[in-house]
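This report goes through a structure chain by chain and contact by contact. The sequence and coordinates are shown first.

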Amino acid sequence: MSESKLLVRGAGKYVDDIKLPNMLYMAVARSPHARARLLSVKGGLNQNDLKAAVGGGGEGWGGLTNPALAHPVFAQDTVNYVGQPVAAVFADDRYIAEDKLDEVEAEYEKLKPIMTIDEALLGEPLHAGTKSNFIMQRWLGTEFEDPKSPVVLEDEFSVARIVNNPLEPRGLIADYDGSKLTVYISTQAVFSIKDGLASTLKLDESAVQVIQADTGGAFGSKSALYPEYIIAAYAAMKYKRPVKWIESRSEHLAASQPGRGVRGKMKIFADKDGVVTGWRGEVLVDAGAFGGSAGSMSPFFIGMQLTGPYGIEKAHVLATAVMTNKPPQGPYRGAGRPEAAFFRERMMDLLADELKMGADEVRLINTTTENFKSPLGLEIEASRPFFGQAVLDLKYKEKSKSDKAGLGFFVLLSAIWGGESARIDVQSGKINVWLGGNQHGQEHYVFVKKLLNEELGIPQDIVTLNKGDTSMLKDGVGSWGSRSAVVAGAAVVAAARKLKKQVESKEGKYTVENLLRGNYSSEVYENQNVQLNSFGAVLATVKIDKFGLVNVEECAGCYDIGRALNPKMIESQIIGGTMQGIGQVLYEEVVYDEEGNLLTRNLFDAGLPIAENMPKFTIQIVEHPSKMPHHARGLGEAPTIGVPVAVVRAIERASGKRIRHTPVKPQELLK
Amino acid sequence: MKKVKTTFKVNGKPFELELEPRRLLVSVLREDLGLTGTHNACDSTNCGACTVLVDGKAVKSCTMFGVQANGKEILTIEGLAKDGDLHPLQKAFIEKQGLQCGFCTPGMIMTSYWMLSQNRDFSDEEIKRMLSGNLCRCTGYYGIVESVKYAKNLMSKKGGDIE
């Protein structure tokens, strides 16, 4: 039965649907303070039982140069954000586990928290033994003298923190048999979880097996190793019973490592015809309370993408991440790409207004007719052919007259670095496939079956794509960064070609019959160490009522996806991502007060878009083949990059007010 | 905690349970009866992933105690397919890409089931409004609205599946 047939019957097996015999439920006691000394803690498992810090790998891991900045598994002597794990309790029943939280006694001495980037820059260091609140700071590009260009524009922008909020919260079951730790988990990256658990708990990698349960969405929040995972694994080993932890929504809002939370100061130089001659930028990321998260590398990733699809010859960017008393910043769909596009496209609109040029004209004149490597390290393909056509297809000129449309150009850089693995087994006429990075709503099985059919001529109904399982492959990376159809797809193609050779050497010749009557196994790890672009352009129109409420009327987009392997899913992902982009602009934000208390308490506060917020969607798929063997390009994050840019510009034009941040509140738009 | 005898029907089958009064209906369905198709995603009646029908009305099962279901008839996602045949709504959600990760899907289908049981035509705007108590983070709702309309068509061709 196909995946979606199971899911519409409620017959999926998400991690909370799995029950192991003799299982304990875990509940986590969390810090009620943004910053405090933890004078003592009693009850449950706590800092007195396990002194360890979160290690990790994968998308949620930004690396750690200073061990003093590591996220402790249990708070050690201090707490640094509301929701930080302090202790964990266990019971046979979930309700009783929650009751047992009352048994945890923690004594705190409150300290003044650091809640903003400015406070972090100027205030005392959060952590003892450190001199500042910087996690990373580096320059990108090369210094240049101010060009003698007549137009110089400067501005400052910000994007608020957003919680990823997949509908299924985080969760896992850890089970230890005395020698081996088996983990069932809702995740984007079984290998990152395995590597992280093994290194943090000092276990041999062969003693850890991580199996993916059906995973109910992630949007970046399920690739990192979290303290709760380590606690559950540690408890399973200590109590010799399986331990299940399923987070509540309020825990997800407080402690799941939300995304965005970035500020940008931009200064550009341009000629009268709109050609940008130089770009200076400063990117400041609110990385939260500890190093090691995605926040530690996101300033660099945002910085390198600042010139986007434009051929700008001079650029110099200072990329900085600072610590505040909030949960560590993690990747949220786009993970740095939407921030870079927001800062850049806001400046392009500013330039269009300054020169009284069309927003399309000022953009097009800066696109390139040849491949281009930016001073910041971004490699782009010739962008003018795509964008020239996109502006026509989107009917920008026409729509812009009547509706004051907003326009955005972007390039999505798929995270194909690191490559991906695939394994194909043939036995008894059936084909079983495993991937290093697995689906959590994207239907990887569709491209796997399609590519195997093309490469090997085998019927799709004998192919099964199995769930992620670290015991079935030597290594793997994960599903994030718009990479799966590209790199997991390329790995499937390579594994299929290897299989074909195996059949040829055994049987003399490849035929489907020869393949299916044998037993074969083919595993590859494919790594294409190149930058891969997907171009996209989005047009949005809005109406604003007298209360300042914005209604997005239309979102139209042109997306180059290389090759459409699963057209229905592509359309669905574009629409879903469009709604997330609209959410960022109009509704979504994590709000803390000055004391660091989390004011965003449920999904309603978090501002998830609802069905009534849907605009009219117009989607155009462009298939400009990539250099990958199956010609795919990345897609998943594309709409979250392009949509906010276009919607913000449409709001700006409809309201007559300059927009410099997201979300945009109705009260800001009142006449 | 003192337990309370509670009897109700789920998907046509009678149950008699001794329940702690504080247990939410969603916990009773998932943990006591093993009907894990009803999902729990927000604990706060925001998301609708736990929607079931109670005496024919769509109810978020995290907003009701199990003991409050005493004497009632409950329909969950597991009760829709008949003799292995998917309900038209289930077929429609597959056909019209009404899902990606599938976590909100049972709740979406149950709310839609209630909507279609009202036996009248809804405009697109009304469908969106009625789905506004159910959150989906993946699809952007378009496929879900299309699924509901498509199911309505499938059912009117067959003379109706919802009694």
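## Backbone, domains and contacts

B:Asn11 sits in the loop that links β1 (4-10) and β2 (13-19) of chain B. The phi of B:Asn11 is positive, about 50°, although the residue is not a glycine. Most residues other than glycine have a negative phi, and most peptide bonds are trans. B:Asn11 has 15 other C-beta atoms within 10 Å, so it is classed as partly exposed.

The coordinates belong to a predicted model. Its scores are ipTM 0.96 and pTM 0.97. For chain B the average pLDDT is 94, and 96% of the residues score at least 70.

Chain A also has an asparagine with positive phi: A:Asn22, near 65°. The residue belongs to the loop between α1 and β1 (24-30) of chain A. Is A:Asn22 buried or exposed? A:Asn22 counts as exposed, because it has 10 C-beta neighbours inside 10 Å. Elsewhere in chain A, the peptide bond between A:Thr662 and A:Pro663 is cis, with omega about -5°. A:Pro663 falls in the segment that follows β26 (661-662) of chain A.

**Domains of chain B.** The assignment for chain B gives domain 1 (4-79) and domain 2 (88-157). Taken over C-alpha atoms, the centres of these two domains of chain B are 21 Å apart. Their contact involves 16 residues of domain 1 of chain B and 13 residues of domain 2 of chain B. On the domain 1 side of chain B, β3 (51-54) and β4 (57-60) each supply at least two residues. β3(B) gives the most to that side, with three residues.

**Domains of chain A.** Chain A is divided into domain 1 (23-111 + 166-218 + 222-255), domain 2 (259-414 + 532-669) and domain 3 (420-526). The centres of domain 2 and domain 3 of chain A, over C-alpha atoms, are separated by 35 Å. In this pair, 18 residues of domain 2 of chain A are in contact with 15 residues of domain 3 of chain A.

**Between the chains.** Contacts between the chains involve 41 residues of chain A and 43 residues of chain B. On the side of chain A, the elements that give two or more residues are α1 (3-8), α15 (567-586) and α16 (603-606). Which of the elements gives the most to the side of chain A that touches chain B? That is α15(A), with seven residues.

| Contact side | Nonpolar | Polar | Charged |
|---|---|---|---|
| Domain 2 of chain A, touching domain 3 of chain A | 11 residues | five residues | two residues |
| Domain 1 of chain B, touching domain 2 of chain B | eight residues | seven residues | one residue |

**A helix pair in chain A.** Helix α8 (residues 337-355) and helix α17 (residues 638-655) of chain A pack at an angle of about 35°, and their axes are 8 Å apart. The crossing of α8(A) and α17(A) is right-handed. On α8(A) the contact is made by A:Arg337, A:Pro338, A:Ala341, A:Phe342, A:Glu345 and A:Asp349. The partners on α17(A) are A:Thr640, A:Ile641, A:Gly642, A:Pro644, A:Val645 and A:Arg649. By class, the contact of α8(A) with α17(A) comprises six nonpolar, two polar and four charged residues.

Conventions:
Residues numbered from 1 in each chain as written. Chains lettered and ligands numbered in written order. Predicted model: local features only at pLDDT ≥ 70, side-chain atom pairs only at ≥ 80, totals over all residues. Axes fitted to C-alpha atoms, helices over the stretch in contact; angles between N-to-C directions. Helix = DSSP H or I, 4+ residues; strand = E, 2+ residues; numbered from the N terminus. Left-handed = near helix turned anticlockwise from the far one by under 90°. Contact = placed C-beta atoms within 7 Å. Nonpolar A, V, L, I, M, F, W, Y, C, P; charged D, E, K, R; others polar. pLDDT = per-residue confidence, 0-100. Domains from an automatic or database assignment. Buried ≥ 20, exposed ≤ 12 C-beta atoms within 10 Å, placed from the backbone.
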